[in-house]
Amino acid sequence: MATCPRGCTPAVRLCQKLNRLKTLDDDMMATSLKRCLSTLDLTLLGVGGMVGSGLYVLTGTVAKDMVGPAVIISFIFAGFASLLAAFCYAEFGARIPKVGSAYMFTYVSVGEVWAFLIGWNVILENMIGGAAVARAWSGYLDSIFNHAIQNFTETHIMQWNVPFLAHYPDLLAAGILIVASFFISFGVKVSSYLNHIFSVISMAVIIFILVFGFMLAEPANWSAKEGGFAPFGLSGILAGSATCFYAFVGFDVIASSSEEAKNPQKAVPIATAISLGLAAAAYILVSTVLTLMVPWHSLDPNSALADAFFRRGYSWAGVIVAIGSICAMNTVLLCNLFSLPRIVYAMADDGLFFSFFARVNPVTKVPVNAILVFGILMSTMALIFDLEALVQFLSIGTLLAYTFVASSVIVLRFQPDKTSSKGTASTSPNPNAETSPAPTESQTIREDSGELKQYESFSDKLQLVERQASSEKRGVGQLKAYWEPYLGKLLGDCEPGEVVAFCVLTLIVSSVSLCVVLEFGTKQLQLPIWSFSMLLGIFILAYVLSLTLIWLHEPQTSSKTFQVPLVPLTPAASILINVFLMMKLSYLTWIRFTVWIAVGLIVYFGYGIWHSKEGKRELQPKDMAARYVVLPSGSLVETVQPVQPEGQMDTSAHDFNSPTASTAEENAGKR
């Protein structure tokens, strides 16, 4: 990011601080954590994060109250929408194998303050999610024993009637979180082994449900006599898809674990695809079995699967299902407690959060401080809070993270590679090269390798300018050659990737506007038909035009890691779906979101912005390199710039005939 000139206002300098990008290490595999996770480990982590309480509770709730047997189609739609987001996470997890997930991906492509806010929301999402699953685990276990635990607690310990608090302290939920945090602090392999055990039991129970359930299936339960296959119509299917989408939340634990994977470039995309496929198959097949075993309108939303077997006269099968549900909830707990401390660690390691959480245990190679502190906070929430009013808050943080990750994929795909850019921008000479009194043109400009050297004569410098102009004309992020005669005058002067970044912003704004009109236009806003249609047309046109302009630019094509297919179409569709689902949330969720963002900004401006490692790196002395550019007037100027990653370059141009420029030229000749 360019540094302000002398007359720059403080507001612009602040804006540059807020949007500075994270500089990645040359060795992406270097880490203070332990790389020991295989593809199987990551796959089971992803399955454990997705196939949890939703399989045993959500399927029955959506089938009975929203969709009917057509919940199968809802899960297919939701699985496809999740696949779009999973593609984006897989690319980043393979390309940037660092902890932090959405936070890290946003930091390297969008900017610091946006990355902090994403990480801040993901922290709360994981805390509430873990506490909610712990309470569901406790309630499910308590129901097996006929609520004996709840009755004992209310009678012999305490109970209260306070808004937003539980009627009694859930000691069992708090206890399971403390125990899980204790085990996770022993290291990533211990966490992985525990997840393996619970995942295998859970999948064995799912196979049992499918085999035994299909044996008890009655196709008459889908007949018109029972209401038909889709009693709520298309609107019910779409509404159910929005709810079912959250069943697949959890695959991001794979990207969060990429810094501890042995071979993240291959393991992260493979594990993401397999785990999402297994989770989608489990949800679709279990929904099919459930609605064929008993009529959809008679399902018990709280324990649909276990109740279905009980009603068919197989109470022993209901016990097996209850055991499977508890094991599935254990895997979700482990995934929440596994990913949350690593996001906190990533933010603390970058200086944006308290450095206490950046300490890694030298023996177990895990951020023990973050694990224990946030495990205790999570258990406290599970102990006293009634989380039913807060559960919906989970959605907004997840969807916001998905949106920023999809946007980051487009931005980075059309940005010039920083490593190669740095190599071509720098004109430092080769110390091992032999000196010759009169270098020839072939020695000065190497067409095949694209390698640049320091030049002594004025004519060679002019050839260097021509060489750079011809080589960068069709670079990544620039307008494609075919379209330059038509749009070159309008877009040709923009920096590589600048038009794409603006189009991504337009894409997000048009998606938000389009979804607002669709969701609130005819009801809350009470727009007339002509106004409603006109606004839809304008925002759809803006969305399509932004996509088209992005497509007209050169993307990065050579990559050794997984890349999202059909960019920018795939991430743009993910952005639109995520924004649409966010508009489905209640206004209370948006109020809570605003309050939490305000608290996060206080933390960032009170601590993060002052301790940011990127901010400290900007204050360090930088190596300087010279570069020669021809201005439109025909004069040649020398640009003095620090050799550092693109996007953070400090450039100051000097006239070629000025004393400063002459001195720089003489020094370059001496080198």
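Helices (H or I, at least four residues) and strands (E, at least two) are DSSP runs, numbered from the N terminus. The structure is a predicted model, in which local features need pLDDT of at least 70 and side-chain atom pairs count only at pLDDT 80 or more, while totals for chains, interfaces and linings use all residues. Residues are numbered from 1 along each chain as its sequence is written, and side-chain values use heavy atoms, with hydrogens and water left out.

**Stop 1: Thr 331**

Select Thr 331, which is located in helix α14 (residues 315-349). Thr 331 counts as buried because its relative accessibility is 1%; buried means under 20% relative accessible area, exposed over 50%, and partly exposed in between (1.4 Å probe, protein chains only). Next, display the residues in contact with Thr 331, where contact means heavy atoms within 4.5 Å. Neighbours within four places in sequence aside, these are Gly 48, Val 51, Asn 195, Phe 198 and Ser 199.

**Stop 2**

Two packed helices are described by the angle between their axes and the distance between the axes. Here axes are lines fitted to C-alpha atoms, for helices over the stretch in contact, and angles run from 0 to 180 degrees between N-to-C directions.

Select α6 (residues 112-144) and α8 (residues 171-184): their axes come within 8 Å and cross at roughly 120 degrees. That makes α6 oblique to α8; angles under 35 degrees count as roughly parallel, over 145 as roughly antiparallel, 65 to 115 as roughly perpendicular and the rest as oblique. The crossing of α6 and α8 is right-handed. By definition, a crossing is right-handed if the near helix is turned clockwise from the far one by less than a right angle, and left-handed if anticlockwise.

To see the contact itself, show Gly 130, Ala 131, Ala 134, Arg 135, Trp 137, Ser 138 and Leu 141 on α6, which meet Leu 172, Ala 173, Ile 176 and Leu 177 on α8. By class, this contact of α6 with α8 has 8 nonpolar, 2 polar and 1 charged residues. In this scheme Ala, Val, Leu, Ile, Met, Phe, Trp, Tyr, Cys and Pro count as nonpolar, Asp, Glu, Lys and Arg as charged, and the others, Gly among them, as polar.

**Stop 3: aromatic pairs**

The structure holds 37 aromatic pairs. Rings of Phe, Tyr and Trp (its six-membered ring) pair if their centres lie within 6.5 Å; planes under 30 degrees apart count as stacked, over 60 as edge-to-face and the rest as tilted.

Select Phe 212 and Trp 316, a tilted pair with 5.5 Å centre to centre and 35 degrees between the planes. Phe 212 belongs to helix α9 (residues 188-215) and Trp 316 to helix α14, so that the pair links distant parts of the chain, 104 residues apart. Phe 212 is buried, at a relative accessible area of 11%, whereas Trp 316 is partly exposed, at 46%.

Then move to Phe 357 and Phe 374, which also form a tilted pair, at 5.4 Å centre to centre and 55 degrees between the planes. Phe 357 lies in the loop between α14 and α15 (368-384) and Phe 374 in helix α15, so the pair ties together parts that are 17 residues apart in sequence. Both Phe 357 and Phe 374 are buried.

**Stop 4: helices α21 and α23**Select α21 (residues 498-520) and α23 (residues 569-583), which pack at an angle of about 40 degrees with their axes 9 Å apart. The two helices, α21 and α23, are therefore oblique to each other, and α21 passes α23 in a right-handed crossing. On α21, the contact residues include Leu 507, Ile 508 and Phe 520, and on α23 they include Ala 572, Ile 575 and Met 583. By class, the contact of α21 with α23 has 13 nonpolar, 1 polar and 1 charged residues.

**Stop 5: backbone exceptions**

Most residues other than glycine have a negative phi, and most peptide bonds are trans. Select Val 567 and Pro 568, which are joined by a cis peptide bond with omega of about 10 degrees. Pro 568 is found in the loop between α22 (529-551) and α23. Leu 566 lies in the loop between α22 and α23; Leu 566 is not a glycine, yet has a positive phi of about 55 degrees. At 62% relative accessibility, Leu 566 counts as exposed.

Finally, select Ser 101, in the loop between α4 (71-95) and α5 (102-109). Ser 101 has a positive phi of about 50 degrees although it is not a glycine, and counts as buried at 3% relative accessibility.
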